[in-house]
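Reader: I would like to learn how to read a few features of this model, one at a time. Please start with the salt bridges.

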Amino acid sequence: MHNNHIADTDILQDSFVILDIETTGVNCKEDNIIEISAIRYDNFKETSVFSTLVNPQTPLPDVITRLTGIMPIELEAAPVWEHIQDDFLHFIGNFPLVGHNICGFDIRFIEKAIGFKITAPIIDTLDLARRAFPNLPNHRLAYLNSALGIGSQNSHRALDDVRTTFALLKKCLHELSHEGSVLINSCICEDQLKQDRPSSKKYKDSVDIKSIKPTCADANAASPLWGKNIVFTGTLSMPREEAMQIAVNAGAILKTSVSRKTNYLVIGAQDNNIVGEDGLSSKEERAQELNQSGNANIKMITEEEFLALVAQQDQSESLEQESCFASDIGEDGVYDILKTSLLETVQKNNVLPEKLMLKTGKAYASVFYDTQMAFRICCRVNHHYFGVSNIYSDLVPSTLTQHITKDGRSDGFTNFVFDTSHNGILQFADFLSAVLDSAIDSLPKEFDCCSYYEQCSDAKRCINPNSRIATGCGYRRIMKKGRIFYGKNRNVD
């Protein structure tokens with residue numbers, strides 16, 4: 001997202017504008033601005049202010065009202081973006097723009113609203129704060145405000161956050177001045193510099209991904225990339241090593257090749273002279289093949305979509321904190337959130353979806369497939385955890401070990417505490433789906449196959465034209481696991 005560009009503070013000596021926005025959500029493609037504030041500073045003194053609510057012309061989510069205090073009735077009376085755009089653009093002129101996580105969040109919403117790219121330098125205090133205060137556990141504006149004691153207590157309102165950002169900017173510059181000279185490292189948005197960089201025709205996977213370690217401590221488990229396997233292909237607007245670093249800082253796991261365990265494939269520009277007329281790299285072709293076969297669910301995304309996911313790390317955590325334990329969600333509600341992932345696992349196993357069920361007891365509920373229990377769900381006062389049999393302990397990813405709790409301890413089970421927010425539950429989806437997959441595989445191996453079994457064995461797939469019978473075929477499920485009992489491909493005695 002940003003380049004390791006170094007610029008001295010002359011860029012801020014005369015005049016600059018600090019801005020901040022509030023929005024209906026964190027997806028710049030689907031959500032809209034509801035408040036925008038900007039302050040012009042001349043020689044580091046506040047000289048003029050622009051601030052207004054904006055009618056998004058879409059419903060305002062309750063969580064945003066709780067977070068910002070902005071009420072839907074206020075937005076109904078506010079001007080729409082088209083009515084304030086000219087005034088806003090006149091106010092910011094071509095002055096350098098400053099904001100906290102502005103490169104990953106604010107500027108993307110603003111450029112979508114105005115319909116063109118901002119050409120003025122854009123400076124991100126998130127990068128400055130990470131350099132000035134590398135030992136802080138995270139660098140969200142609200143946390144820095146509290147930890148450094150620099151600004152207003154009324155966070156998540158645009159104008160207050162602008163003034164807090166100004167206080168943070170001064171604090172960072174003061175801290176960095178102890179290095180002998182004040183330099184702004186990694187502060188100018190990559191979009192402002194990419195035209196100066198020569199593009200390469202093809203990126204070779206020469207980066208040792210094991211050498212790329214997190215450079216910040218503020219990644220959080222609510223990030224959509226947390227614990228996800230990610231692969232890059234094609235030429236990005238930034239060096240791929242930099243994109244990899246961004247992914248790792250957001251909690252992702254780097255991989256060099258596409259497999260059924262891949263969660264995200266980030267696709268850059270492809271050279272048809274290299275990849276062929278279809279414009280697809282070998283990684284894209286492999287991802288499509290795995291998805292179409294039902295062996296994977298790989299999300300193929302653009303660089304912009306990747307950066308939007310990264311931006312959610314800093315924006316979504318505040319939303320999550322508002323709703324973390326505020327909900328009285330029950331076991332059935334948790335199951336509903338997980339159900340899509342669980343049904344995908346059932347489908348991959350070629351077994352009957354109606355045999356997946358939630359059985360509710362007095363202390364907890366249990367997810368079963370047929371007669372085999374996969375895991376428990378407990379939602380009681382001060383107790384929210386998933387219980388997983390210790391026979392599945394080898395499936396536990398390192399990213400979830402920190403959630404192990406003694407709550408509801410029982411012999412033979414490991415319990416994982418979760419918060420009751422949507423993302424708090426979804427971060428367990430891949431793990432619990434893997435547990436369900438193993439539970440299905442542990443069922444008694446009944447063949448219940450039809451007369452096609454020899455032809456199926458030779459074809460290494462089910463050839464029964466009756467989809468209803470085929471879906472419930474135990475031998476089809478066994479073949480899916482690579483075990484073939486008959487014919488020329490027999491590999492099991």
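Author: Take Glu35 and Arg157, which form a salt bridge with their closest N and O atoms 2.9 Å apart. The term covers a side-chain nitrogen of Lys or Arg within 4 Å of a carboxyl oxygen of Asp or Glu. The model is predicted: local features need pLDDT of at least 70 and side-chain atom pairs count only at pLDDT 80 or more, while totals for chains, interfaces and linings use all residues. Residues are numbered from 1 along each chain as its sequence is written, and side-chain values use heavy atoms, with hydrogens and water left out.

Reader: Where in the chain do Glu35 and Arg157 lie?

Author: Helices (H or I, at least four residues) and strands (E, at least two) are DSSP runs, numbered from the N terminus. Glu35 is in strand S3 (residues 33-42), and Arg157 is in the loop between helix H6 (141-148) and helix H7 (158-176). The pair links distant parts of the chain, 122 residues apart.

Reader: Are Glu35 and Arg157 buried or exposed?

Author: Buried means under 20% relative accessible area, exposed means over 50%, and partly exposed is in between (1.4 Å probe, protein chains only). Both Glu35 and Arg157 are buried.

Reader: How many salt bridges does a search of the whole structure find?

Author: The search finds nine. One of them joins Glu289 to Arg286, with 3.3 Å between the closest N and O atoms. These two residues are three apart in helix H11 (residues 282-293), so about one helical turn separates them. Glu289 is partly exposed at 46% relative accessible area, and Arg286 is partly exposed at 34%.

Reader: What does the salt bridge of Lys355 and Asp370 tie together?

Author: Their side chains meet at 3.9 Å, N to O. Lys355 lies in the loop between helix H13 and strand S12 (356-360), and Asp370 in the loop between S13 and S14, so the pair ties together parts 15 residues apart in sequence. Lys355 is partly exposed at 32% relative accessibility, as is Asp370 at 28%.

Reader: Which residues gather in a patch of positive charge on the surface?

Author: A patch is made of residues with over 30% relative accessible area and no salt bridge; like charges are joined within 9 Å, and nonpolar side chains (Val, Leu, Ile, Met, Phe, Trp, Tyr) within 5 Å. Lys and Arg count as positive and Asp and Glu as negative, with His and the chain ends not counted. The place of a charge is NZ of Lys, CZ of Arg, CG of Asp or CD of Glu. Accessible areas come from the Shrake-Rupley method with a 1.4 Å probe, and for residues only the protein chains shown count as cover. Here Lys255, Arg260, Lys261 and Lys348 form the positive patch. Lys255 sits in the loop between strand S9 (253-254) and strand S10 (264-267), and is partly exposed at 39% relative accessible area.

Reader: Which residues have the most contacts inside the largest nonpolar core?

Author: A nonpolar core is a set of buried Ala, Val, Leu, Ile, Met, Phe, Trp, Tyr and Cys residues joined through side-chain atoms within 4.5 Å. The largest has 31 residues, and Val334, Leu338, Phe375 and Phe386 have the most contacts inside it. Two or more residues come from each of helix H13 (331-348), strand S13 (365-369), strand S14 (372-380), strand S15 (383-389) and helix H15 (429-441). H15 gives the largest share, seven residues.
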